[in-house]
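Here are a few notes to read with the model open beside you. Take the points in order and find each residue as you go.

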Amino acid sequence: MSARILDGAAVAARVKEEVAAGVAALRENRGITPALATILVGDDPASEVYVRNKRRTAATVGIRSVHRELAASASQAEVEATIATLNSDPGIHGILLQLPLPAGRDGEAAVRLIDPAKDVDGLHPVSLGYLALGQPGLRPCTPSGCLRILDHYEIPTAGAEVVIVGRSLLVGRPLSIMLSTKERNATVTLAHSQTRDLASVCRRADILVAAIGRPGMITSEYVRPGATVIDVGITRTVEGLVGDVDFESVSAVAGSLTPVPGGVGPMTIAMLMANTLMAATSAP
Ligand code: NAP
């Protein structure tokens, strides 16, 4: 193995330290304790784990968490009423609706009802609009986490060829916008399932980001020697969590590589905490 391992867990720990310091300062200077509301609808085990981890992390950085649990049978109107109540509560600074909702409920429509000032997931159309306009706002957590890893390890993006595989609104698309700003100056290719000769497109990359959801799909033939590889993929298998990158073959070729677990995953939660602090800091 030659690749340097980009330790997302360590970078996330640093982010959480910064957030904890910011939370303490906000409480001391303005008497505000940031509060994050999580909404879980139904009993999907993976969603339960995600929400529990977010609440636990909030507690470790001094963010108050408020939890609303709705039965799997809850109607769209009940989900929306829960959001409305949290929107109008001045003591709540961030609202996170855990997606996906059970079948038949419209998660996107529900997210659109979240007060954009409390949209700590950064997925509301207003947040995505600010992102596209290059104006300050709450940014989606996973792409922010990817950038923070690059920054931490001083991997330059200016002038770099970046190939992102996966164009979801959760990861690939916002990351492509963030990297193509004048602050980042990367040359970005956003690849997807219809991309022709994906392996050769990926081999152009100085920085390759895999956000696909297909375990082990990115093998060494997709990677230019010495490239940085960010593995966003997380798939639960009987052997545990597996990324989109075939760690064994790629670690022999890449210059730097995020592991799964312990790479982008912990960063996503850390950036959610940073967003909650930001929302609380900007609250009137
Ligand atoms: P998604 O909405 O399903 O999007 C997957 C993307 O991959 C789509 O753009 C799809 O292309 C593309 N794709 C699928 N098969 C492909 C192929 N054979 N070749 C090239 N592109 C292909 O998934 P997502 O929500 O972005 O999540 C992606 C992965 O990241 C999942 O494993 C998820 O669990 C993980 N994830 C991790 C974190 C974290 O915190 N680390 C956060 C979010 C997501 P089309 O658009 O053409 O269909």
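1. Let's start with a term: a polar contact is a pair of N or O atoms within 3.5 Å; within protein, one must be able to donate a hydrogen and the other to accept it, and residues adjacent in sequence count only if both atoms are side-chain atoms. With that in hand, look at I234, where a backbone N or O atom is 2.9 Å from an oxygen atom of the ligand. The side chain of S168 has an N or O atom 2.5 Å from a ligand oxygen, and the side chain of R214 has one 2.9 Å from a ligand nitrogen. The protein covers 71% of the 930 Å² of accessible area (Shrake-Rupley method, 1.4 Å probe) that the ligand has on its own.

2. A word on the source: this is a predicted model, where local features need pLDDT of at least 70, side-chain atom pairs count only at pLDDT 80 or more, and totals for chains, interfaces and linings use all residues. Residues are numbered from 1 along each chain as its sequence is written, and side-chain values use heavy atoms, with hydrogens and water left out.
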